[in-house]
Amino acid sequence: MKGPQARQIQNYACHCLGLKSYFQQPGDGRVHPHIPARDLVWTVVMGHILREASFLRLEWLVHSSVRATLGVGTQFGDDALAYCTERMDPAVTRIALAAALHQAKRNKAFENSRFIGLALDGTGAGHTYKPPCPLCNPIIDPKGETHGSLHHFVMISIVGAGLTLPVDVEPYGPGDSEYGAAQRLLRRAVEHLGPRFADYVVGDGEYATAPFLHTTQAVGLPVVARLKENLPLLAAAVRARFEGQPPQNTFQEGYDRVEVWDADTFDPWETLDWPSVRVLRYRQHKRDGTVVQAEWLTNFPIAQLGSLSFYRMAKSRWAIENRGFNDGKNRYGMEHICHHELNSILMVWLLITLALVIERLYRLRYLHRGDHGIRSALDLHHYLWLTLGSGTRPPDTG
């Protein structure tokens with residue numbers, strides 16, 4: 001890696017991922033803008049790749065000697081970032097994200113993967129004691145006392161394909177729910193990506209309900225969902241069928257030995273419009289002696305999907321936790337609210353999502369050409385700071 005790395009990432013995003021027109025016209029809703037939107041939006045994206053979460057730190061960056069190296073043409077303050085993100089159209093960024101992922105697929109970013117999954121999960125971020133915005137959910141303890149507010153959203157992410165790439169986010173406030181937001185998000189993501197982009201949807205037990213499973217059917221994707229005690233009749237039928245029976249198959253997955261029970265003749269519950277339900281039980285024996293057991297349901301027929309592939313799809317659900325929320329919050333600023341206004345909060349989450357997509361595709365696919373090894377995210381982060389200029393240094397990461 002030679003030269004100003006930030007400019008190389010900018011060129012990669014614009015030309016290899018087809019985002020040039022997006023950065024020129026990112027859905028700016030300002031009436032008489034004096035600062036080009038491309039500079040503001042690129043600064044937020046690149047700033048989060050550099051792990052600078054606040055608008056004040058981004059102001060510091062563009063007023064420093066590294067501004068040109070960063071790929072930003074003019075100086076501005078944190079108030080300009082707040083004003084712009086308040087007025088941006090989120091739909092433009094969402095469509096650009098989907099287009100970039102389509103381009104990555106055409107560039108064979110997922111060529112070694114048999115199945116591409118879409119995982120859904122919700123989380124909370126941005127704890128605040130400020131006056132509430134429409135997204136603020138009050139935090140109430142068992143005594144009924146309020147301790148500030150939290151902001152919630154659902155993320156949908158590509159999983160199971162060797163890359164975990166976030167696709168979109170959907171916030172929800174008081175009176176709404178993760179469950180409702182997830183259904184809106186899934187419909188929109190599939191509309192933007194197309195029904196043939198992915199092969200399955202995966203989610204935790206909260207999504208193992210008839211309305212959500214019917215939504216996955218409506219968008220044309222099979223579903224893999226965790227079976228828990230919220231479906232007591234099916235859970236009881238699975239125990240009656242599998243307990244006391246030897247595993248139908250055993251296979252080695254990495255260091256772990258996995259036993260599986262698999263049947264596709266369980267009766268659906270009353271509100272589920274499926275002819276039958278397939279359930280997989282796995283018992284995972286880890287090297288340290290730990291045993292993990294879980295049940296998952298699907299509408300994939302056995303003839304189309306083997307037990308090992310079913311198991312891997314179920315396990316892919318954890319990628320959105322580890323490579324989505326954990327990375328997003330701990331490394332890329334998703335926990336921080338830059339400007340406490342509804343549209344600005346959503347736009348920053350979407351731009352962090354875009355930053356993650358650009359960084360991971362650049363690092364894991366573009367740089368991993370020829371005889372180059374895979375760089376870690378931390379290696380790229382440090383190298384970015386080193387190539388920005390002699391007047392700056394990376395912050396202490398602890």
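Analyst: Start with H7 and helix H8 (residues 178–193), which pack at an angle of about 55 degrees, their axes 9 Å apart. Helices (H or I, at least four residues) and strands (E, at least two) are DSSP runs, numbered from the N terminus. Axes are lines fitted to C-alpha atoms, for helices over the stretch in contact; angles run from 0 to 180 degrees between N-to-C directions. H7 and H8 are therefore oblique to each other. The classes are these: under 35 degrees is roughly parallel, over 145 roughly antiparallel, 65 to 115 roughly perpendicular, and the rest oblique. The crossing of H7 over H8 is right-handed. A crossing is right-handed if the near helix is turned clockwise from the far one by less than a right angle, and left-handed if anticlockwise.

H7 brings Arg-94, Ile-95, Ala-98, Leu-101 and His-102 to the contact, and H8 brings Arg-188, His-192 and Leu-193. Contact means heavy atoms within 4.5 Å. By class, four of these residues are nonpolar, two polar and two charged. Ala, Val, Leu, Ile, Met, Phe, Trp, Tyr, Cys and Pro count as nonpolar; Asp, Glu, Lys and Arg count as charged; the others, Gly among them, count as polar.

A word on the basis. This is a predicted model, in which local features need pLDDT of at least 70 and side-chain atom pairs count only at pLDDT 80 or more, while totals for chains, interfaces and linings use all residues. Residues are numbered from 1 along each chain as its sequence is written, and side-chain values use heavy atoms, with hydrogens and water left out.

Stay on H7. Ala-96 belongs to this helix. Ala-96 is buried, at a relative accessible area of 8%. Buried means under 20% relative accessible area, exposed over 50%, and partly exposed in between (1.4 Å probe, protein chains only). Setting aside neighbours within four places in sequence, Ala-96 is in contact with Leu-19 and Tyr-22. Glu-253 is 157 residues from Ala-96 along the chain, and their C-alpha atoms are separated by 37 Å.

Now follow the chain past H7. The loop between helix H7 (90–106) and strand S1 (117–128) holds Lys-108. Lys-108 is not a glycine, yet its phi is positive, about 70 degrees. Lys-108 is exposed, with a relative accessible area of 52%. Ala-109 sits in the loop between H7 and S1 too. Ala-109, however, is buried, at 8% relative accessible area. Not counting residues up to four places away in sequence, Ala-109 touches Ala-104, Leu-163, Leu-361 and Arg-365. Ala-109 and Leu-361 are 252 residues apart along the chain, but their C-alpha atoms are separated by 7.8 Å.

Helix H3 (residues 37–49) and helix H13 (residues 342–366) pack at about 60 degrees, with axes 8 Å apart. H3 and H13 are therefore oblique to each other. Their crossing is right-handed. On H3, the contact uses Val-41, Val-44, Val-45, His-48 and Ile-49; on H13, it uses Val-348, Leu-351, Ile-352, Leu-354, Ala-355, Ile-358 and Glu-359. The class count for H3 with H13 is ten nonpolar, one polar and one charged residues.

H6 joins this group. The buried residues of helix H6 (residues 78–87) are Ala-80, Leu-81, Ala-82, Cys-84 and Thr-85. They pack against H3, H4 and H13. Between H3 and helix H4 (55–62), the loop includes Arg-51. Arg-51 has a positive phi, near 65 degrees, in a residue other than glycine.

One more helix, then the strands. Ser-309 lies in helix H11 (residues 307–316). Ser-309 counts as buried, at 16% relative accessibility. Leaving aside neighbours within four places in sequence, Ser-309 is in contact with Arg-114 and Phe-115.

Strand S5 (residues 200–203) and S6 pair in the parallel sense over three bridges. Two strands pair if DSSP finds at least two bridges between them. Val-202 has Val-224 of S6 as its bridge partner. Strand S6 (residues 223–227) is mostly covered, with five of its five residues buried.

Strand S7 (residues 249–253) and strand S8 (residues 256–266) run antiparallel and are joined by five bridges. Asn-249 stands opposite Val-260 of S8. The S7 and S8 hairpin has two residues between the strands, and Gly-254 there takes a positive phi near 65 degrees.
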